[in-house]
Structure formats: structure tokens, C-alpha cells
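This briefing is meant for someone meeting the structure for the first time.

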Amino acid sequence: MTNRAQRAQSQRLSSTTAGYGEARQWWRPFKQLNDVTVIHIDLSPNGPNEREAQAWLDSDERRRARQMRHRDAQRRYMLCRAALRSVLCDALDSTNDRLSIVAGDHGKPSAVVKGCPAPISFNVSHSGRHGLIALADYGRIGVDVEERTIPRRDIDALACRVLGSAEQAELAAAAEQRKLDLFLDLWTLKEAVSKAYGAGLSWGVSNFEIPQSMRAGAQCSRLQVPQAPEIIWRIHKLGTDDFAAALAYEEPER
Ligand SMILES: CC(C)(COP(=O)(O)OP(=O)(O)OC[C@H]1O[C@@H](n2cnc3c(N)ncnc32)[C@H](O)[C@@H]1OP(=O)(O)O)[C@@H](O)C(=O)NCCC(=O)NCCS
């Protein structure tokens, strides 16, 4: 596939597909890392975008959205899922009505076109006003985003649960603001690897550690974890001033 970031700039669900007039777009290319394209989704409240997003969902997705008790969670889900549909339709040269997004054993979604598994890897994350989609032609891929403004009162308790001993020691020694930034970096990197593997919450993330070079500021590294020692992961920080975020993808075999 060619540079998806460029193609994403012009992608739209065709009006005949969505059944709507002029298409709206609340997502944009964010980063291109080797063969992986990352797209940012604006999840701020926006009535017209939300109405259009809802129109793009299939009946199962609309049912899921209706069942969500919290309006914010519902908005995030609809805006993300509709953006994902558009991005996948563009990448797979499909129409929206032929595309299904199905969940595997532990909930990881994959794409199906006209009943056949589609040749694409992707993952989605949302937090506050920010969503990210990562996609590539092949290989496992995971992405995680955490908005920085969400209050975090329970860092120490969470750290004991998700960090290894060297990571915990480094966090304990960090000054207050650095502590939050370091924790969110470690959390999103671990969550991205866990989401790339797709095993869900059963995957203990405290029994692997993010390489020291990244804890000291490097933007990317390689990682092997005991749960799946045969896989070499490439991990990248994707954060901005507004959110912490990370990407993990399987290094292609040479
Ligand atoms: C299910 C899980 C992946 C959701 O993560 P989250 O941080 O609550 O939410 P995110 O916004 O990052 O991701 C949600 C999206 O991930 C995708 N997803 C769901 N299950 C998934 C799985 N098993 N693997 C990968 N992706 C999954 C879905 O697309 C979902 O969005 P959607 O419901 O709108 O389609 C997560 O709870 C989980 O299993 N984490 C694993 C490990 C862990 O212990 N983490 C602790 C912190 S380091």
C-alpha cells in the first residue's frame, strides 16, 4: 500500500455509501512510522459530526452505542468507529455496506469485507477528546492514548499493578510532574504492546519492562516479552502536550 497518510487526507465515505450529502471529516493524518500510518481523531462534542458518524454505523454498532450509559463514551465510540470505517473503506477499496468490524476472542477488532477477513492490521484507542487509529498491511499492531488532563489520583496503586520493579523504583524517585509523564509513557507503551498481541486484560503487563533507553527519553526501541518471546516488537512514543500515546507493532521477519 502507498502512503496512507496522504491518501487519508482525501478520504471520504462516498455520499452514496453513507446516504448523506457533503461528507464531513473529523480525523486527519498524524504520523507515518515505517509502514504504519497513524491517524488522529477529534472526539470533541460536535452535533453534526456525531449525527453523520451515527449514520455510518451498522445495526450492531448502533445498538452498542445506544446501550452506552455515558454520553461521552457514546460520542467517543461513534466518532471513532465511523472514522475507522472510512479509513478502512479507503484502504481496502470497499464500500461501507460491505465492511464489517468483528471482535475476536478477547475483543480485538478486525475487518471483514463481504464475509472474508480483510488483508489489513489496525487498532484503535480513545481517551477524552483524542482518538488514534494505527494501520498497516500486515503484522500485529496496537495503539494506546491517554489524555493528559484526565485526573490521575491513583498512580501509586496502579504502578504496583502494571509496572516492573525497576520501573516502580524509577517512578518513586521522580519529581511530581515527571512522575505523571513517566507513568503515562510506561502505561501507554505497555497497553500498546498488550493491545497489539490482543490478549486483553489477562496479559500481565507487570512482568515485562519498557527498555531503560525509553525511560530515559528515547522515542522508540525494540522489545521482547516473556508472554510471546518469539515476537520482536517495535515500540514508539506518540505523545503530544495534550496526550500521552504509544504504538507497538510486530517487526517484520527478514
Ligand atoms: C480491552 C482493552 C484493550 C481496552 O483498552 P482501554 O484502554 O480501556 O481503551 P482504548 O481506548 O485504548 O481501546 C479500546 C479499543 O481497543 C480495541 N480493543 C478491544 N479489545 C481489544 C483487545 N483485546 N486487544 C486489542 N484491542 C482491543 C477496540 O477497538 C476498542 O475500541 P472500540 O470499543 O471503540 O472499538 C484493555 O482494557 C485491555 O485489555 N488492556 C490490556 C492490558 C492491561 O492490563 N493494561 C493495563 C494498563 S498497562
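In this predicted model, Ile41 is in contact with Trp26, Trp27, Leu79, Cys80, Ala83, Gly131, Leu132 and Ile133, once its neighbours within four places in sequence are left aside. Ile41 also belongs to the largest nonpolar core, where Ile41, Ala83, Ile133, Ala134 and Leu247 are the residues that touch the most other members.

**The nonpolar core**

- The largest nonpolar core comprises 55 residues, and its largest share, 11 residues, is supplied by helix 5, which covers residues 71–92.
- Both domain 1 (4–138) and domain 2 (144–250) contribute to this core, with at least three residues drawn from each of them.

**Helix 3 and its two sides**

- Within helix 3, which covers residues 47–56, the residues Asn49, Glu52, Ala53 and Trp56 are buried.
- When helix 3 is seen down its axis, these buried residues fall within an arc of 105°, and they therefore line one face of the helix.
- In general, an α-helix has 3.6 residues a turn, so residues three or four places apart point the same way.
- The exposed residues Gly47 and Arg51 are carried on the face of helix 3 that is turned away from its buried side.

**Leu99 in strand 3**

- Leu99 is part of strand 3, which covers residues 99–103, and it counts as buried because it has 20 C-beta neighbours inside 10 Å, the cut-off being 20 or more.
- Apart from its neighbours within four places in sequence, Leu99 is in contact with Arg85, Leu88, Cys89, Ser94, Ala111 and Val113.
- Leu99 and Ala245 lie 146 residues apart along the chain, and their C-alpha atoms are separated by 28 Å.

**The protein as a whole**

- The secondary structure of the protein comes to 9 helices and 11 strands, and 36% of its 254 residues count as buried.
- Along its principal axes, the C-alpha trace of the protein spans about 55 × 45 × 30 Å.
- The radius of gyration of the protein is 18 Å, which agrees with the value near 18 Å that a compact globule of 254 residues would have.
- Among the contacts between residues at least 6 apart in sequence, 58% join residues that are at least 24 apart.

Technical notes
Residues numbered from 1 in each chain as written. Predicted model: local features only at pLDDT ≥ 70, side-chain atom pairs only at ≥ 80, totals over all residues. Buried ≥ 20, exposed ≤ 12 C-beta atoms within 10 Å, placed from the backbone. Helix = DSSP H or I, 4+ residues; strand = E, 2+ residues; numbered from the N terminus. Arc of directions from axis to C-beta. Core = buried A, V, L, I, M, F, W, Y, C linked by C-beta atoms within 7 Å. Domains from an automatic or database assignment. Contact = placed C-beta atoms within 7 Å. Rg over C-alpha atoms; globule rule 2.2 N^0.38 Å.
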